[in-house]
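Try each task before you read its solution.

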Amino acid sequence: MSAPTFVIGYPRSGTTLLADLLGRHSQVAVPPETRFAAAIHEHYQPAGLPQPSTPAEFVEGVLHTYPRLRDVDVDWSRVTQRIEHARNGEADHGAAGRGAYEADPPQLLRAVLEEYAEQQGKPYVIEKSPVHLLYAATLVDWFPACRFVWIIRDGRDAVLSMLGMPWAHDVLALHAAEWTYRMDMGAKLLHTHPDRVHIIRYEDVLTTPVQTFRALCTYLDISFEPRMLDPEQGGSTVPAWEQAWKGKVTGQLDPSRIGGWQRKATLAQQRVLHAIMGPALERWGYDVPSQSRLTVALGAPLRMPAFRYVRGAMEHTKGLLRKSGIGVPLSRAHVIEEAFHSQAEASSTVEPRTPSP
């Protein structure tokens, strides 16, 4: 497998829709999102597990600290075999495969993606995890030839969509600041690796899908297939427990989703959004109403420095909790996932009733 391509962006910006459309291509496999780099940095490494002595121990350790990775439905014993085979090949060439085993995250991710692609019978694989926008430098370090497809959406629509998610908090200002922060992170990636990043706008996917996907396919070195835009071809990349909020991606492309903030956001919400996001919105080509420009100016203190401090303090606290052995605080998404699987297991073990005579 060549170096993987990663779909990145802010959550609720169309990453799942884009992944599903790409997965309809006859040559492209797109697994459920792995969040792999985040899993390594936020779960596996902070857990303080002992150094694994074999690839099997490393695989088990990652799955133990981040069970959501099992959403990628592959044979994990075959994944382990792929790692061992790659390591033996390195040893045969006098490379790092000799000696004691050392945990190798990129080798594991490559093995997972290769196994999934082979299982789907497709030669190319694209991984979609919005959070990987924050770990792009890690992914470039792991895969020097990797590429990114960055999908951008009007931040007002994306943030308001976030408020409706069962796994998200309801603090509008923090969501707005997070969108701005991620746009800055994407801009840095684009500046550092301009040839690695292909930008797609969510609005273009909905209004000019053929032109948008022809350009994307050219970037990916694959041929455009009309079936990518045919909802009847939908093979969703969404696990069952996420269907409640991601299930719409298999439907028709709906341009009415553009600019929904003008109908849905109250005047108070619009003031908050424009105060925090206004300059970034304009920088990325989204119109800010003229009456909101004073709000933008007055909202300068609400923007990045304070948010970066709060965000950094939260991440530092979470890391300390993990290292102390107190446990990893579950996100709301993990709580929902565990509840779904617990309910599924309970329903599958219920014995059938004996009909009354």
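**Exercise 1. Find which residue of β3 is the bridge partner of Val 28, then work out the strand order of the sheet.**

Step 1. In this predicted model, Val 28 has Tyr 124 as its bridge partner in β3. The strands involved are β2 (residues 28-29) and β3, which run parallel and are joined by 2 bridges.

Step 2. Go on from β3 to β1 (residues 5-8): these strands pair in the parallel sense over 3 bridges. Phe 6 has Glu 127 as its bridge partner in β3.

Step 3. Next, β1 is joined to β4 by 4 bridges, and the two run parallel. Here Thr 5 has Arg 147 of β4 as its bridge partner.

Step 4. Finally, 5 bridges link β4 (residues 147-152) with β5, again in parallel. Phe 148 stands opposite Val 197 of β5, and Trp 150 has Ile 199 as its bridge partner in that strand.

**Exercise 2. Decide how far β3, β4 and α1 are covered, counting their buried residues.**

Step 1. A residue counts as buried when its relative accessible area is under 20%. In β3 (residues 124-128), 4 of the 5 residues are buried, and the strand is mostly covered.

Step 2. For β4, 5 of the 6 residues are buried, so this strand is largely enclosed by the rest of the structure.

Step 3. Now take the helix α1: 9 of its 9 residues are buried. The buried residues of α1 include Thr 15, Thr 16 and Asp 20, along with Leu 17, Leu 18 and Ala 19.

Step 4. For the background, turn to the protein chain, where buried residues make up 48% of the 357 residues. The accessible surface of the chain comes to about 17,500 Å², and 54% of that belongs to carbon and sulfur atoms.

**Exercise 3. Describe how α1 packs with α10, and say which residues meet.**

Step 1. Two packed helices are described by the angle between their axes and the distance between the axes. For α1 and α10 (residues 209-220), the angle is about 70° and the axes are 13 Å apart.

Step 2. That makes α1 roughly perpendicular to α10, a class that runs from 65 to 115 degrees.

Step 3. On the α1 side, the residues that meet the partner helix are Leu 18, Leu 21 and Leu 22; on the α10 side they are Phe 213, Leu 216 and Leu 220. Sorted by class, this contact has 6 nonpolar, no polar and no charged residues.

**Exercise 4. Repeat the analysis for α2 and α3, and sort their contact residues by class.**

Step 1. α2 (residues 36-44) and α3 (residues 55-65) pack at an angle of about 80°, and their axes are 10 Å apart. The two helices are therefore roughly perpendicular to each other.

Step 2. From α2, the contact uses Phe 36, Ile 40, His 43 and Tyr 44; from α3, it uses Phe 58, Gly 61, Val 62 and Thr 65.

Step 3. By class, the contact of α2 with α3 has 5 nonpolar, 3 polar and no charged residues.

Technical notes: Residues are numbered from 1 along each chain as its sequence is written. This is a predicted model: local features need pLDDT of at least 70, side-chain atom pairs count only at pLDDT 80 or more; totals for chains, interfaces and linings use all residues. Side-chain values use heavy atoms; hydrogens and water are left out. Axes are lines fitted to C-alpha atoms, for helices over the stretch in contact, and angles run from 0 to 180 degrees between N-to-C directions. Angles under 35 degrees count as roughly parallel, over 145 as roughly antiparallel, 65 to 115 as roughly perpendicular and the rest as oblique. Contact means heavy atoms within 4.5 Å. Ala, Val, Leu, Ile, Met, Phe, Trp, Tyr, Cys and Pro count as nonpolar, Asp, Glu, Lys and Arg as charged, and the others, Gly among them, as polar. Buried means under 20% relative accessible area, exposed over 50%, partly exposed in between (1.4 Å probe, protein chains only). Two strands pair if DSSP finds at least two bridges between them. Accessible areas come from the Shrake-Rupley method with a 1.4 Å probe; for residues, only the protein chains shown count as cover.
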